[in-house]
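Reader: I would like to learn how to read a few computed features. Please give the general idea before each case.

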Amino acid sequence: MDPNKRPEDMERITTPELAQAFIDEQGITYPVLMDTTGEMFSGYRILSFPTTFMIDKDGNVFGYATGMLTADTMESIVNQTMTGVRAG
């Protein structure tokens with residue numbers, strides 16, 4: 001993952017094809033949703049972008065974080081979700 005990507009780079013991702021190209025370029029292997037209809041934004045009451053949801057092994061929402069995340073924060077929340085133990 002390129003730590004030099006800027007928020008304005010993300011704003012240029014306006015189609016599923018551009019999103020897939022970014023995912024491939026960054027080597028992202030986790031599932032990514034691009035909600036083109038607004039159904040998920042509405043259903044999960046997402047008010048800011050990006051919003052990252054952590055889904056546990058049983059398919060339940062373990063937690064979420066809004067805004068850009070650092071690699072350290074992402075690693076921490078992934079570990080918390082995988083172990084089922086919240087930090088702090």
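Author: Helices (H or I, at least four residues) and strands (E, at least two) are DSSP runs, numbered from the N terminus. Here the order along the sequence is α-α-α-β-β-α, with four helices and two strands in the chain. This is a predicted model: local features need pLDDT of at least 70, side-chain atom pairs count only at pLDDT 80 or more, and totals for chains, interfaces and linings use all residues. Residues are numbered from 1 along each chain as its sequence is written, and side-chain values use heavy atoms, leaving out hydrogens and water.

Reader: How are aromatic pairs read, and how many aromatic pairs does the rule count?

Author: A pair of aromatic rings is described by the distance of the centres and the angle of the planes. Rings of Phe, Tyr and Trp (its six-membered ring) pair if their centres lie within 6.5 Å; planes under 30 degrees apart count as stacked, over 60 as edge-to-face and the rest as tilted. The count by this rule is two aromatic pairs. For Y44 and F53, the ring centres are 5.0 Å apart and the planes are at 55°, so this pair is tilted. Y44, F53 and Y64 form one aromatic cluster.

Reader: Are Y44 and F53 buried, exposed or partly exposed?

Author: Buried means under 20% relative accessible area, exposed over 50%, and partly exposed in between (1.4 Å probe, protein chains only). Y44 is partly exposed at 43%, and F53 is partly exposed at 26%. Of the 88 residues in the chain, 19% are buried.
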